[in-house]
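These are my notebook entries on a structure I had not looked at before. I went through it topic by topic and wrote down what I looked up.

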Amino acid sequence: MALRGGLATESGFVGVEGVRLVEEALRSGCRIQAVLFSESGERHHERLSSFVDRPEMAFPVLRTTDRLFEGLADTEHPQGVAALVHPRETSFDDLVRAPGSACAPLLVVLAGVQDPGNVGTILRTAAAFGATGAATAASGISGTANPFSPKALRASAGAALHLPILAGSIASRSHMNMSLAILLAQLKVAGIRTLASSVHEPRDGEQPLLAPWEVDWCQPVALLVGNEGSGLPEEVERSADARMRIPMASGIESLNAAAAAAVVFYEAARQRNSATVTGIQTPAPSQPLKAPDAMRPPEKT
C-alpha cells in the first residue's frame, strides 16, 4: 500500500519507487526501513551499491520476483527498485530557520493545490531556485495533495525528500493539511512576510499588485500559492502583506501554478544570488522587520 496506494505506514514510512528516486532517498539522509530489488531490478544494484552495501547502513536489502514487484508497484513499467523512506520531520521552528547559505528564509506555502503533479513540480522548482522550506495547507474546502504521494514524489524528482516541508501528520493514514489561518498567524509572529499570488483585481484604495521584480526577495518571505482553478480565497489574499501577479501579454489570463512558481522563484534566486555582489542590504536576524512597505523593488546600485 505504501507504493501502489501512496499511503504512509503506521510508523510514517512512504514508498519510493524507481532507481532515481531511491538514489535521492538514500542521499537525503532520511531514515530507510528497507530497499527492495526485483529480479530485473538487480541491474541497478551497482548504481546504488555505494549506499546499500555500506556496513553502517542499518536497513535490510530485500529481493523478490518481477511478478510480485509489479503487483506492488505504482508505475505501469516499474524499474524493479523501491524503498520505504521516512520523510524528514520538520517543525515550524525548523521551517523558518534559514540556513547559513541563505540571506533570509524563502518559503512556499501550497494552499489548496490539489494536483500532486503540480505539488511535486512546485517543490522541485522551489528547491532548484533556493527556497529554504515549504508548507502545505488546506484552503477553504480544498486540501493540498500529499507531497510524499508517488506522483508528487516523481514530479519533485526527489526534491521533497531534501526540502524541509511542514506537511501535517505524514504518519496518518489520511494525509492532513495544517490550518492556513494558523500557519499565517505563525508566520506573522515569526517575522516572515506573506506574499499572495493573486487572481483578483485590487479594489479602490488598495495597493496595486506587485510584479515579481518589485518584491525584495532578500527579506524573509513566504509565497502563497492557491488552488489551480480558484486561486487563494480573497480574504487570504487581502490579509497577506502584499499581493503579486506576473504581467503577461494581452489575451493570456494566467499560467499553470507550477509555471508561475518557476517565474517567481527565478526572480527570487536572481536577487538573492546577487545580493552580495550588488550590495543589496539584507536584515540581520536580530533586527525588527520593517513596515509593510518593505515589499519594494531593491535599490539600484
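Which side chain meets that of Arg270 in a salt bridge? I found that the partner of Arg270 is Glu267, at 2.8 Å from N to O, where a salt bridge is a side-chain nitrogen of Lys or Arg within 4 Å of a carboxyl oxygen of Asp or Glu.

Before going on, I noted that this is a predicted model, in which local features need pLDDT of at least 70 and side-chain atom pairs count only at pLDDT 80 or more, while totals for chains, interfaces and linings use all residues. Residues are numbered from 1 along each chain as its sequence is written, and side-chain values use heavy atoms, with hydrogens and water left out.

**Entry: salt bridges**

I looked up where the pair sits: Arg270 and Glu267 are three residues apart in helix α9 (residues 257-278), so about one helical turn separates them. Helices (H or I, at least four residues) and strands (E, at least two) are DSSP runs, numbered from the N terminus. I then checked accessibility, taking buried as under 20% relative accessible area, exposed as over 50% and partly exposed as in between (1.4 Å probe, protein chains only). Glu267 is buried at 9%, whereas Arg270 is partly exposed at 42%.

By the salt-bridge rule the count comes to 10. One of them joins Glu23 and Arg47, with the closest N and O atoms 2.8 Å apart. Glu23 belongs to helix α1 and Arg47 to helix α2, so this pair ties together parts that are 24 residues apart in sequence. Glu23 is buried, with a relative accessible area of 10%, and Arg47 is partly exposed at 44%. I also noted that salt bridges with shared partners join Glu23, Arg27 and Arg47 into one network.

In helix α8 (residues 234-239) I found Glu234 and Arg238, four residues apart, which is about one turn of the helix. Their salt bridge has its closest N and O atoms 2.3 Å apart. Glu234 is partly exposed at 27%, and Arg238 counts as partly exposed at 24%.

**Entry: the sheet and its helices**

In what order do the four strands of the open sheet run? I read the order as β1-β4-β2-β3, with mixed pairing; two strands pair if DSSP finds at least two bridges between them. The edges are β1 (14-17) and β3 (61-63), each with a single partner strand, so one side of each is left without a neighbour in the sheet. From one strand to the next, the twist averages 25°, where axes are lines fitted to C-alpha atoms, for helices over the stretch in contact, and angles run from 0 to 180 degrees between N-to-C directions.

Strands β2 (residues 31-37) and β4 (residues 81-86) pair in the antiparallel sense over six bridges, and Ile32 stands opposite Val85 in β4. Helix α1 (residues 19-28) packs on the sheet and touches β1, β2 and β4, its direction making about 35° with that of β4; contact here means heavy atoms within 4.5 Å. Helix α2 (residues 45-52) lies across β2, β3 and β4 and runs at about 150° to β2.

Because eight of the 10 residues of α1 are buried, this helix is largely enclosed by the rest of the structure. The buried residues of α1 include Val19, Leu21, Val22 and Ala25, and what covers the buried residues includes β1, β2, α2, β4 and α6 (150-156). After α1 comes Gly29, whose phi is positive, near 85°.

Is Leu95 buried or exposed? Leu95, in helix α4 (residues 92-95), is buried, with a relative accessible area of 1%. Leaving aside residues up to four places away in sequence, Leu95 touches several others, among them Thr90, Leu107, Gly133 and Pro164.

Asp74, in the loop between α3 (66-72) and β4, is partly exposed at 28%. Its side chain makes a polar contact with the side chain of Arg154 at 3.0 Å. A polar contact is a pair of N or O atoms within 3.5 Å; within protein, one must be able to donate a hydrogen and the other to accept it, and residues adjacent in sequence count only if both atoms are side-chain atoms.

Last, I looked up Asp216, found in the loop between β9 (193-197) and β10 (221-225). Asp216 counts as buried at 4% relative accessibility, and a polar atom of its side chain lies 3.0 Å from the backbone nitrogen of Cys218.
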